[in-house]
Amino acid sequence: MGVLPWVWWYGFRRHTAYAVGSLAEALTNTGFGFMRAYVLIALWHERPVLGGYDVDDAVTFCFLTQALIGPLQVFGGMDLAQRIRTGDVAIDLHRPVGLQGWWLADDLGRATGSLVLRGGPPLVAGALVFPLRWPGPAGLVAFAASLLLGALVGFGMRYLVALAMFWLHDDRGLNAVTLVMSLFFSGMTLPLVVFPGRLGDVAHALPWAAQLQVPADVFLGRHTGADLLGALAFQAAWAAALLGAGALVTRAARRKLVIHGG
């Protein structure tokens, strides 16, 4: 077995070590899920087929996205930023594995652990109260592929933000901007299908849509056949672009590296 599978495994173990803490986060996500669900129900009561969703689609979207907050790290950053700030990234750069590959494997381990511990409670709680929509076996396979691509897109964006620390030395402002963009353009505030006209077109073309909105639509069965292939290709294109950009910026960062106090 190569190094990266071990990195994934230890990332998974590290992020499943505190099951009670993860359960508390899942319960918080579930509580906010019910708040969002009743807001969406009120909205869809006034506009029953808004954006092509019915009320069951909207509620399912709500609890699914709440379940994916942790696995896709919609609101979070990366520990890499702090390691760049302190200079510990020098250790990472001396490992016999590329910096981006190491952190990608670790992040996928984190995402898997979060999916196991935090993904189920919001969906189960929502299903006990509302008639959620569930995909069939083929839909689940398509959703798994879309979810993996969404995780790659999310990592690609967070990795670039973390690498900005080589130049900015403080990521708080950039994290605040990306948090707002993520909330608005991923579908966490409202499903992107409700965005009108040109704003909707722009929102659906951005990487945040590939991170969350597309996997949710695949789960709901809104992408089938050639349309499904197009949706997955859209995610794959953003993943490739972001990971490619991350590789280029990593190269530039190696030349920029300044370790303070060491």
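Is the crossing of α8 and α12 left-handed or right-handed? The model to inspect is a predicted one.

**Stop 1: α8 and α12**

Select residues 137-163, which form helix α8, together with residues 207-219, which form helix α12. Their axes come within 8 Å and cross at roughly 170°. Angles over 145 degrees count as roughly antiparallel, so α8 and α12 are roughly antiparallel to each other. The crossing is left-handed, which settles the opening question.

Next, show side chains along the two helices. On the α8 side, the residues that meet α12 are G139, A142, F143, S146, L147, G150, V153, G154 and M157. On the α12 side, their partners are P207, W208, A210, Q211, V214, P215, V218 and F219.

**Stop 2: D106 in α6**

Move to helix α6, residues 99-118, and pick D106 within this helix. D106 has 12% relative accessibility, and because buried means under 20%, D106 counts as buried. Now display R14: the side chains of D106 and R14 make a polar contact at 2.6 Å. Leaving aside residues up to four places away in sequence, D106 touches V7, G11 and R14.

**Stop 3: α10 and the residue after it**

Finish with helix α10, selecting residues 172-185. This helix has 14 residues, and the distance from its first C-alpha to its last is 20 Å. That span is close to the 20 Å expected at 1.5 Å a residue. Then select G187, which follows α10. The phi of G187 is positive, near 105°.

Definitions and conventions: Residues numbered from 1 in each chain as written. Predicted model: local features only at pLDDT ≥ 70, side-chain atom pairs only at ≥ 80, totals over all residues. Heavy atoms only, no water. Helix = DSSP H or I, 4+ residues; strand = E, 2+ residues; numbered from the N terminus. Expected span 1.5 Å × (residues − 1). Buried < 20%, exposed > 50% of the residue type's maximum accessible area, 1.4 Å probe, protein only. Polar contact = N/O pair within 3.5 Å; in protein donor to acceptor, adjacent residues only side chain to side chain. Contact = heavy atoms within 4.5 Å. Axes fitted to C-alpha atoms, helices over the stretch in contact; angles between N-to-C directions. Parallel < 35°, antiparallel > 145°, perpendicular 65-115°, else oblique. Left-handed = near helix turned anticlockwise from the far one by under 90°.
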